[in-house]
Amino acid sequence: MTSVVPAKALVPVKAVVPARAAWSSVVRAGETLTITDLHGNQAVDFLVYDAHDTSVRYSAPDTVHAQGGIFLTTGSVLMSNEHTPLMTVVADDVGRHDTVGGACSKESNTLRYGHHTWSQHACVDNFLAEGARYGLGKRDLVSNINWYMNVPVEKDGTLGIVDGISAPGLSLTLRAECDVLVLVSNCPQINNPCNGFEPTAVEMTIGAAG
Amino acid sequence: MATATTYGARDHARAQEGTRTEAMPVVPAADWPEPPCEAGHLVWAETVAGGNYTHRVLARGTELRLTDLRGDACAHLLLYAADRPWERLNVADTVKVQWNAYLGEGQLLLSDQGRVLATVVADSSGRHDALCGTSTLVRNTKRYGDGTPQSASPAGRELFKLAAAKNGLEPRDLPPSLSFFQGVEVREDGALDFTGSAGPGGSVTLRTEQDVTVLIANVPHPADPRPDYVSTPLEVLAWRAAPTAPGDPLWDATPEGRRAFLNTAEFLTARGLA
């Protein structure tokens with residue numbers, strides 16, 4: 001069991017995460033995390049762990065079947081692999097977000113676009129680098145959330161990333177249901193419409209428990 | 001038979017050999033009554049009880065056929081590169097890279113390293129799911145009163161933990177899983193419809209493209225709306241065959257798949273394995 005809860009209480013923070021960068025924080029039970037899409041159409045890859053036991057972590061399938069649908073929005077509860085609530089979406093300007101498509105990686109990019117993409121930045125590398133600060137490794141990476149990313153599924157099952165439905169200044173707010181560790185990769189993808197082919201900065205704000 | 005002495009207890013235990021039950025492995029697999037291949041090629045023959053699990057390491061180029069014998073099996077599946085379990089099934093990449101949320105014939109089961117672990121080479125069911133994962137202790141306790149492995153309603157994740165432990169893996173090695181024989185469809189607004197089973201006799205055949213560790217839990221799908229825990233036997237047969245090679249229609253079926261096969265071949269060649 002790995003705990004990552006800091007000894008001291010955190011003060012509320014506001015941070016701008018530059019294009020392509022990683023970010024992380026512990027968010028304590030009851031506190032909120034607001035993610036603002038500063039310039040519009042930026043995908044924010046997101047993983048969340050129980051800060052007291054990081055083997056309990058976000059589960060896309062548990063979240064999907066708990067809410068009976070694949071899109072996340074206000075009211076969606078982010079469930080762990082043990083089917084316990086980690087965070088709840090309490091406000092959302094956009095309407096829907098993806099949790100099926102997972103993160104881009106250098107490896108999957110070679111399949112999606114070609115081997116010329118190997119030297120480009122990718123979210124899995126951000127997750128590995130940021131997670132390592134807490135003792136998390138590759139085994140700890142699972143299917144994640146892509147805030148602001150638009151991934152519809154057609155009647156025949158065809159699925160894909162299409163133009164976003166976000167806009168500059170739109171935000172969403174999550175409430176922590178227990179002490180959690182959040183890992184973010186502000187997606188560096190330049191090959192698909194999830195960032196309008198040009199990654200931009202986002203803002204993270206941790207608010208006090210209400 | 002008297003079992004009050006060690007001799008009697010030994011005789012009693014030994015007299016059980018040859019007992020046949022519906023759900024059991026047949027060893028050697030070649031003794032399976034109606035093999036789907038040359039009898040000598042069978043490497044795994046087992047009927048998995050409802051609410052139970054199994055696991056095996058399979059060589060590259062093995063065909064693995066799962067059959068829903070009575071119409072209420074649900075084969076929850078995880079795959080790992082044998083001996084390198086940090087390379088494992090990535091459900092998100094599997095659906096995203098192939099532009100398809102549904103599992104079926106021709107689909108590649110992709111690892112998180114841009115390579116193929118297995119391909120789906122035959123499917124007579126068409127009712128599968130890559131979105132909802134498996135059941136958990138918390139959920140089964142709420143739904144059925146219990147979800148522990150020794151209960152009458154074991155949760156898939158609890159069984160996966162046991163199968164993983166027997167292969168040196170921990171709970172944090174369990175990523176989202178696939179499930180076969182109980183289907184889910186996505187509506188335009190993202191809501192899910194549980195379509196259930198295609199009925200008795202449906203089967204799916206996978207072909208391993210690397211040496212893989214296979215974990216299978218046969219438990220009800222988490223979206224199964226029935227109040228009772230309904231889980232019937234799953235037949236598992238595996239036999240020696242050949243991995244997908246250039247020239248096979250699957251190799252070139254899609255550009256994404258071709259690059260996945262090429263990546264896999266490069267990796268295996270560099271390792272001296274192909």
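Which residues does L64(B) touch, not counting residues up to four places away in sequence? They are W44(B), L58(B), V204(B), T205(B), L206(B), V214(B), V236(B), L237(B) and A238(B), where touching means heavy atoms within 4.5 Å.

The model is predicted, so local features need pLDDT of at least 70 and side-chain atom pairs count only at pLDDT 80 or more, while totals for chains, interfaces and linings use all residues. Residues are numbered from 1 along each chain as its sequence is written, chains are lettered from A in the order in which they are written, and side-chain values use heavy atoms, without hydrogens and water.

L64(B) is among the residues that touch the most other members of the largest nonpolar core, which has 79 residues. A nonpolar core is a set of buried Ala, Val, Leu, Ile, Met, Phe, Trp, Tyr and Cys residues joined through side-chain atoms within 4.5 Å; buried means under 20% relative accessible area (1.4 Å probe, protein chains only). Strand 4 of chain B (a DSSP run of E, at least two residues) gives this core its largest share, six residues. Another core, of 30 residues, lies apart from it and includes V44(A) and L86(A).

| Item | Value |
|---|---|
| Residues of chain B in contact with chain A | 42 |
| Residues of chain A in contact with chain B | 43 |
| Buried area (accessible area lost on being put together, 1.4 Å probe, summed over both) | about 3600 Å² |
| Salt bridges (side-chain nitrogen of Lys or Arg within 4 Å of a carboxyl oxygen of Asp or Glu) | six |

E82(A) and R157(B) form a salt bridge, with their closest N and O atoms 3.2 Å apart.

Conventions:
Buried area is the accessible area (1.4 Å probe) that two parts lose on being put together, summed over both. Buried means under 20% relative accessible area, exposed over 50%, partly exposed in between (1.4 Å probe, protein chains only). Helices (H or I, at least four residues) and strands (E, at least two) are DSSP runs, numbered from the N terminus.
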